[in-house]
Amino acid sequence: MEPQSQNLKTIPLLSLGRFHISEEYGFLLPNPLKELPDHYRPWMEIANKLPHLIESHQLQAQVDKMPLLTCQFLQSYREQRLAHLVLSFITMGYVWQKGETQPKEVLPRNLALPFVEVSRNLGIPPILVHADLVLTNWTTRDPERPLEIRNLDVIFSFPGEESLRGFILVTVLVEKAAVPGIKALVQAVNAILQPSQNSLLQALQRLRLCIQDITRTLGQMHDYVDPDIFYAVIRIFLSGWKDNPAMPVGLIYEGVSPEPLKYSGGSAAQSTVLHAFDEFLGICHSKESADFLHRMREYMPPSHKAFIEEIHSTPSLRDHILSSGNGQLLTAYNQCVEALAELRSYHITVVTKYLITAATKAKGRRLNYVPGPPLALEERGTGGTVVLSFLKSVRDKTLEAILHQSD
């Protein structure tokens with residue numbers, strides 16, 4: 001064993017700072033900006049009134065009158081993230097203002113050009129992604145008080161009022177709940193690189209507790225998000241133009257490409273958290289699920305994607321545990337896998353309530369919502385997957401990772 005440990009020590013230790021991941025906030029952008037430089041006031045004036053402009057069917061006309069602005073006055077990374085958030089919200093509202101039956105098929109040059117420019121600078125696609133909707137779209141009411149839903153607010157919104165606010169902010173809290181697990185993962189990887197069975201065992205126990213806390217936090221959806229509002233009002237604005245029957249050819253970004261471009265809508269699969277846990281625990285998904293999950297990594301900030309790839313390149317946790325012959329490590333590993341499978345089972349129950357059951361109810365009565373429940377994506381997630389079969393496959397493959405001493 002000694003030569004192997006010598007080799008391991010030549011691999012640099014894992015740290016969050018190298019990947020722009022916050023020790024306090026994880027993948028959330030710490031204290032996101034709420035204001036852009038004055039040059040961008042035309043964008044901000046529209047973004048701040050977005051729910052009203054969509055509901056009154058005035059947004060498209062307002063955007064068409066918007067001046068074409070350059071991104072050269074965005075000085076910092078944080079300003080670029082806010083600009084992407086602003087332009088992604090305006091874009092989703094513009095495309096879906098009249099619902100899925102009359103989506104806009106061309107994004108005008110004055111919106112498309114700066115959106116694509118800031119997207120290229122950030123290395124993420126020109127569409128609303130999880131890094132916009134959640135990671136950059138939160139603020140505290142009182143910075144001195146803890147991060148809990150009563151002390152949080154969103155920066156920008158769509159129609160859907162309190163349910164949209166609840167959906168975004170509960171997801172913010174899920175990301176925050178993941179922070180101890182991300183730290184535990186780093187501790188565990190380093191405990192393999194500089195072998196320490198005690199440190200590894202402690203890290204696995206912390207990871208299990210964190211995953212269980214994520215599951216509890218996700219349960220707050222039921223308190224703050226109305227399933228009918230989520231399905232009939234909110235969901236359309238999270239939908240993209242790839243694998244969406246309502247926009248089969250994609251969206252033309254005027255002045256960018258003569259051909260339509262296809263991008264997936266916002267999806268929980270764009271959160272880096274579970275990708276990191278999967279890579280660390282060595283969970284292998286079916287080809288179809290794995291292909292989708294890998295594609296979703298292109299929707300993450302590049303540094304977060306690089307973190308997942310770094311974990312993938314570290315020595316195998318599973319091999320380390322099996323070769324160690326340490327029964328405590330094996331038990332702690334299996335408890336992490338079981339907790340992750342339970343989280344995924346719980347996610348299935350949440351999706352069933354907010355998507356499948358809500359779709360059935362919406363069919364039974366046409367609610368007078370703007371723009372009305374989306375029928376094209378009835379059994380699909382906003383990312384475009386056939387959602388229940390995907391989630392069940394991912395959960396089942398997680399359970400298959402359970403280790404037996406004879407492995």
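Which residues are linked with Arg141 in a network of salt bridges? In the predicted model examined here, Arg141 is joined in such a network with Asp153, Glu162 and Arg165. A search of the whole structure returns 17 salt bridges. Side chains of opposite charge can pair when their charged atoms come close.

Several individual pairs illustrate these interactions. Arg150 and Glu148 meet through their side chains in a salt bridge, with an N to O distance of 3.4 Å. Arg150 counts as exposed because its relative accessibility is 60%, whereas Glu148, at 28% relative accessibility, is classed as partly exposed. A further salt bridge connects Arg216 with Asp213, for which the closest N and O atoms lie 3.7 Å apart. Both residues belong to helix 10 (residues 197-218), and because they are three residues apart, about one helical turn separates Arg216 from Asp213. Arg216 is exposed, with a relative accessible area of 56%; Asp213 has a relative accessible area of 30% and is therefore partly exposed.

The side chains of Arg395 and Asp396 likewise form a salt bridge, with an N to O distance of 2.7 Å. Arg395 has a relative accessibility of 19% and so counts as buried, the cut-off for this class being under 20%. Asp396, by contrast, is partly exposed, with a relative accessible area of 36%.

The surroundings of Asp278 were also examined. Asp278 is located in helix 13, which spans residues 272-281. With a relative accessibility of 7%, Asp278 counts as buried. When residues up to four places away in sequence are not counted, Asp278 touches Ile283, His285, Leu340 and Arg344. For two of these residues, polar contacts were identified between side chains. The side chain of Asp278 makes a polar contact of 2.7 Å with the side chain of His285, and a polar contact of 2.9 Å joins the Asp278 side chain to that of Arg344.

The packing of helices was considered next. Two packed helices are described by the angle between their axes and the distance between the axes. Helix 5 (residues 77-96) packs with helix 6 (residues 109-122) at an angle of about 140 degrees, and their axes are 9 Å apart. Helix 5 and helix 6 are therefore oblique to each other, since angles count as roughly antiparallel over 145 degrees. The crossing in which helix 5 passes helix 6 is left-handed. On the side of helix 5, the contact is made by Tyr77, Gln80, Arg81, Ala83, His84, Leu87, Ser88, Ile90, Thr91 and Tyr94. Helix 6 contributes Leu111, Pro114, Phe115, Val118, Ser119, Asn121 and Leu122 to this contact.

The contact is made by Ser289, Phe292 and Leu293 of helix 14 together with Phe390, Ser393 and Val394 of helix 18.

Note on methods:
Residues numbered from 1 in each chain as written. Predicted model: local features only at pLDDT ≥ 70, side-chain atom pairs only at ≥ 80, totals over all residues. Heavy atoms only, no water. Helix = DSSP H or I, 4+ residues; strand = E, 2+ residues; numbered from the N terminus. Buried < 20%, exposed > 50% of the residue type's maximum accessible area, 1.4 Å probe, protein only. Contact = heavy atoms within 4.5 Å. Polar contact = N/O pair within 3.5 Å; in protein donor to acceptor, adjacent residues only side chain to side chain. Salt bridge = Lys/Arg side-chain N within 4 Å of Asp/Glu carboxyl O. Axes fitted to C-alpha atoms, helices over the stretch in contact; angles between N-to-C directions. Parallel < 35°, antiparallel > 145°, perpendicular 65-115°, else oblique. Left-handed = near helix turned anticlockwise from the far one by under 90°.
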